[in-house]
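The sequence and structure come first.

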Amino acid sequence: MQKPERAMFITAHPDDAEYLVGGLVSQWSRAGVDVAYVLTTNGNKGTEDPEVSSDELAEIRACEQRRAAARLGVRDVRFLGYEDGVLEPSIDLRRDLTREIRGWRPDIVLTFDPETRFMTESYPNHPDHRATGDAAVDAVFPAARDRLTFPELIEEGFEPHKVSELWLFATHKPSHWVDVEPVWEQKLAALREHRSQIDPAGVENDLREWSGIWAEGSEFELAEAFRRITLD
Ligand SMILES: [Zn+2]
């Protein structure tokens, strides 16, 4: 399956999706895929500005995320509102993600590869990324599928749903790549909406560097990389 009817991208922070998967999001939305974002945290720690409170920052970043998603054609953006920086792959988080998956009923769920402890040799993976990937994979399998897991969700009206594929990003075991050069401008424009996070002068180089890293092993120069898990 290269193009699903419905897809759900589960990330940790406002801007994760635009950095890691914005090219694919743009391609799929334009091809008519119903795309939803789910963000586990509210991103309320991402500042060095002593004048900005956590609550203000969460509000700013939610607006930025909605604008970035709108540029890429995302139909729905959902915030679970967990605290940034201290996320754990708890049963509460797994239940909340199971509810989202059962509600949107995606063919493909895309999230962080929870096995990535270090992004590169100089960049530890953020703990919220690992926790999000862990909880999302566990929500897809088996919680979203199994009627007797989280029976309270059935009472809320969320029937079981079987996801066909998991695509894991920020991965060191890629098996599928998306060329981002044809959608470079859209991806960059969406990333630029995260004004509280990016350096406008340096963001394109930053994106180019990461896109080169993810392209390793592929035929492309600049890519997004995915580890595809096909669920029976
Ligand atoms: Zn992040």
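Which strands does α2 lie across, and at about what angle does α2 run to β3? Helix α2 lies across β2 and β3, and its direction is at about 155 degrees to β3. The model is a predicted one. Together, β2, helix α2 (residues 54-71) and β3 make a β-α-β unit that is right-handed.

The sheet is open and has seven strands, ordered β3-β2-β1-β4-β7-β9-β8, with mixed pairing. At its edges stand β3 and β8 (176-179), each with a single partner strand, so one side of each has no neighbour in the sheet. On average, neighbouring strands are turned by 25 degrees against each other, direction ignored.

| Strand | Partner strand | Bridges | Direction |
|---|---|---|---|
| β2 (residues 34-41) | β3 (residues 76-82) | five | parallel |
| β1 (residues 6-11) | β4 (residues 108-112) | four | parallel |

Ala-36 is opposite Asp-76 in β3, and Ala-7 is opposite Ile-108 in β4. Helix α4 (residues 127-143) also packs on the sheet, where α4 touches β1, β2, β4 and β7 (165-169). The direction of α4 makes about 155 degrees with that of β4.

A helix pair comes next. The axes of α6 (residues 184-192) and α7 (residues 203-215) come within 11 Å and cross at roughly 125 degrees, which makes α6 oblique to α7. Their crossing is right-handed. Residues in the contact include Trp-184, Leu-188 and Arg-192 of α6, and Val-203, Leu-207 and Ser-211 of α7. By class, the contact residues are five nonpolar, one polar and four charged.

Definitions and conventions. Residues numbered from 1 in each chain as written. Predicted model: local features only at pLDDT ≥ 70, side-chain atom pairs only at ≥ 80, totals over all residues. Heavy atoms only, no water. Axes fitted to C-alpha atoms, helices over the stretch in contact; angles between N-to-C directions. Helix = DSSP H or I, 4+ residues; strand = E, 2+ residues; numbered from the N terminus. Parallel < 35°, antiparallel > 145°, perpendicular 65-115°, else oblique. Left-handed = near helix turned anticlockwise from the far one by under 90°. Contact = heavy atoms within 4.5 Å. Nonpolar A, V, L, I, M, F, W, Y, C, P; charged D, E, K, R; others polar. Pairing = 2+ DSSP bridges. Right-handed = clockwise from strand over helix to strand, strands pointing away.
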